[in-house]
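Work through the exercises below with the sequence and the model at hand.

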Amino acid sequence: MRGLQLTPAAGRGSGESAEDSGEEERLLSGYDEENSGNLRRIQVSVTGMTCAACSNSVESALMSRNGVVKASVALLQNKADVTFDPASVKDEDIINAIEDAGFEAEILPEPNQSHSKPRGTLIGQFTIGGMTCAACVNSVEGILRKIPGVKKAVVALATSLGEVEYDPTVTSKDELINAIEDAGFEASFVQSNEQDKLVLGVTGIASDIDVQMLEGILSGLRGVRQFCFDRGSKELEIHFDPELLGSRTLVDEIESNSYGKLKLHLKNPYSRMTSKDLEESSNMFRLFTASLCLSVPVLFMQVICPHIPLLYSFILWRCGPFQMGDWLNWALVTVIQFVIGKRFYVAAGRALRNGSTNMDVLVVLGTSASYFYSVCALLYGAMTGFWSPTYFDASAMLITFVLLGKYLESLAKGKTSDAIKKLVELAPATAILLIRDKGGKVLGEREIDSLLIQPGDILKVLPGTKVPTDGLVVSGSSYVNESMVTGESAPVLKESNSPVIGGTINLHGSLHIQANRVGSDTVLSQIISLVETAQMSKAPIQKFADFIASIFVPSVVTLGLLTLLGWYFAGVLGYYPEEWLPENGNYFVFSLMFAISVVVVACPCALGLATPTAVMVATGVGANNGVLIKGGDALEKAQKIEHVIFDKTGTLTQGKATVTTAKVFSGMERGEFLTLVASAEASSEHPLAKAILEYARHFHFFDEPSGAGDAQTHGPESKSYEWLLDTSDFSALPGQGVQCSVGGKKMLVGNRKLMIENLVTIPDHVEKFVVELEESAKTGILVAFEHELVGVLGVADPLKREAAVVIEGLMKMGVNPVMVTGDNWRTAKAVAKEVGITDVRAEVMPSGKADVIRSFQKDGCVVAMVGDGINDSPALAAADVGMAIGAGTDIAIEAADYVLMRSNLEDVITAIDLSRKTFFRIRLNYIFASAYNIVAIPIAAGVLYPWLKIKLPPWVAGACMAMSSVTVVCSSLLLRRYRKPRLTTVLEITVE
């Protein structure tokens, strides 16, 4: 059964391991592997894009395909992010669409190649032994269909095979096998239709025999679908069934079966992309140096040789119809023009075939006009004896300077993605895996590639090393520096059951951790993914640049043509003297040089790079400061924020509620009162409930230390809570409190609203006591037993130390802070007064916070919501800018636009300040790019020549064009120097 193929793999190579796929017929023939309702998202590497016009062409080509829902092309990263319906369009169609537009494309592997998540359902195939008749088949099918997560189950008696379509997030293949065996049959797993891909680097391949050995090992491994070994790059690509074969098992099998000769290491996709960027930069540098080496002799002959008699006589020596200098110029410049400059012709032809224009078209027009005019001038001189000046040097220097600009631009653009590189480097390359027996006893340890860690692995983390992946501490104690991921500067104590984050540094003790999140599920991978997605997104302001790019080149070509005709006819009609013409020149040559300068000096690239470079740098800077930005759109909105709405509990306050007062207003004893309240609140997850429970526990066991650690580690099931009473009919009432029955008697714990709705009378002296609590910024909790009010608890949640300063700082920035809370008005006003907020909305239900936000938005104001991301999701989604604060390890908050990794309110100011500085930089970039073209094009056209005799030779125009885009990128790179405002200086921030 080894060769059975559920889903035939297209395009099998020589390294195919599966046999003929027609061996067995599909049982679930009606099954469609990709449900049309499930959209798929891929990233594609696009080669050959040079400016915004190219990225627009690729985007248009992708969106023209039926089934493509969304396509975003990032010029800087040379990547396209495509979301499509796999039922209508395939991966190959995406590649073909890009290639038809004239660019090269390659689908990028998933960041977690070895741990990809299953999409939708899987089809598992099982061998089932012991079936003798149709009744057995019906029995097995019935058992399988009753299992949660199973969509379909079909069993064939003749082949003893069963195919089950199931949801791997609900059930597993082992549960299916157990169900079949419990019914009295034998079962074993054959394969699934899921396919994972690994890209491995292979060392130890020295000859064809080694390659054959590798192919033989892979062909003999059960679960390997297909493979391909590239001898040039020494890369091995393997497609395998993850239900049969784990990535680490696969690597171990290959290394062990080769008797240690072959060593494999997993290729990190981010490292592979970085190497491609370096390759592009080095290739551009080679082209530039080659062009420069050939251009220097051309300039030498024109500038230096006339002053050296011997050399000058040599270049004037006539060899055939031309002078030796003409032959040399022609030969050198032809190599520069068509060999080194081939990339410009290819890119320009590609753009024109696709019906668009880009910077390459301008370069080709300018250099070709100069080159072919010079060739024609030579031929005309040979035929007529009238020798016009040639401009081979203009063509050569033009290409040289453009290549220099492209090289510097590629270096600068590489710097903008430093944030991603730094984040990738946080993860250690290897991990120490503890090998244990079935009883859990450690037998030994081995070093493995950190990309091959699997959930459940027990890993050893030595002092001073990085934590390899997310997990829980199973033994040991140490302090861990998490600043590189969460931004928290103080080391965090990690003990048994403490969570740890991959990429953080273990400082002192040795830890044993159990991996629970690997691959793309880790915090670090999610941060990288979030930053990468943000860098690929387009800010709305970029639409302006895209529009300009679409009309820029045709407009410039038209201006160049008008310049040529204007100067030519002005000369012919006698509007300027012949003395202006170059020696042996004519009106056409004089006009052509102005036209070439116009075409060459114009630069659409600077406009196209103005926004994406700044957004890339800003998102990277934000990530380094613990502020994760979800895209250019969020950045643009944040700099316009007029109102910031704060949730109270856990945002302005520390979220660590403590009971400060407990007063009984009946004949009940204090201990009995606290026991009743704690019993009622024991089933609640609310922070106030936990505070009450901890206070009551400490009252009963006052000799035990009370602290946050106890509150977290103890629960109702703990021996410390055996004194709690049994409750029934428990229900939590949002915005009111809880109710339950204790000993058959009704008990209420909550606010006034809960008491009033249940007809519980609140005496005046109790009301007065509660008002006093509320006016001192405490929350008063009323307790009623058997419809009689028996006591009141006062709960305080301390404010964050930086809250008041941050609120004052926001006001200085021209932002209006607003507090929205479900707490009562008196407590809300007391808290607001303490932090300096004048606009307060109290007694607002969680669902009502979104309505408050919409009331501000009615006036066209941009509103931000700052919440803890738990019960604030509707409000975060309703706000123009949602900021989830204190997200810690749960960074995948879909509703928020900003994720503030720390629980520090200073990051709200950082987020707004960074967005303002970023868009100031973007506007500066646009002003420079626009001003450059507005000033440079008229000068190149010769507007100043009649009065000041100033003109731009084509090669100078080319240098200006090359430097303009480099200047814009360098301007964006200045954002890397951003430092977030400190509390001591934040009050000095004023509205610009």
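Throughout, a residue is called buried when its relative accessible area is under 20%, exposed when that area is over 50%, and partly exposed in between, computed with a 1.4 Å probe on protein chains only. This is a predicted model, in which local features need pLDDT of at least 70 and side-chain atom pairs count only at pLDDT 80 or more, while totals for chains, interfaces and linings use all residues. Residues are numbered from 1 along each chain as its sequence is written, and side-chain values use heavy atoms, with hydrogens and water left out.

**Exercise 1.** Find the salt-bridge partner of K637 and describe the setting of the pair.

Step 1. A salt bridge requires a side-chain nitrogen of Lys or Arg within 4 Å of a carboxyl oxygen of Asp or Glu, and by this rule the count comes to 21 salt bridges. K637 meets D633 in one of them, at 3.8 Å from N to O.

Step 2. Helices (H or I, at least four residues) and strands (E, at least two) are DSSP runs, numbered from the N terminus. Because K637 and D633 are four residues apart in helix 19 (residues 632-638), about one helical turn separates them.

Step 3. K637 is partly exposed, its relative accessible area being 32%, and D633 is partly exposed as well, at 35%.

**Exercise 2.** Decide whether K849 and D647, which form a salt bridge, are buried or exposed, and state which elements they join.

Step 1. The closest N and O atoms of K849 and D647 are 2.8 Å apart. Since K849 lies in helix 28 (residues 849-857) and D647 in strand 25 (residues 643-647), the pair ties together parts that are 202 residues apart in sequence.

Step 2. K849 is buried, with a relative accessible area of 5%, and D647 is buried too, with a value of 5%.

**Exercise 3.** Trace the salt-bridge network that contains E767.

Step 1. The side chain of E767 forms a salt bridge with that of R752, at 3.1 Å from N to O.

Step 2. E767 belongs to helix 25 (residues 764-775) and R752 to helix 24 (residues 752-757), so this pair connects parts that are 15 residues apart in sequence.

Step 3. E767 is partly exposed, with a relative accessible area of 24%. The network of salt bridges links R752, E767, E774 and R826.
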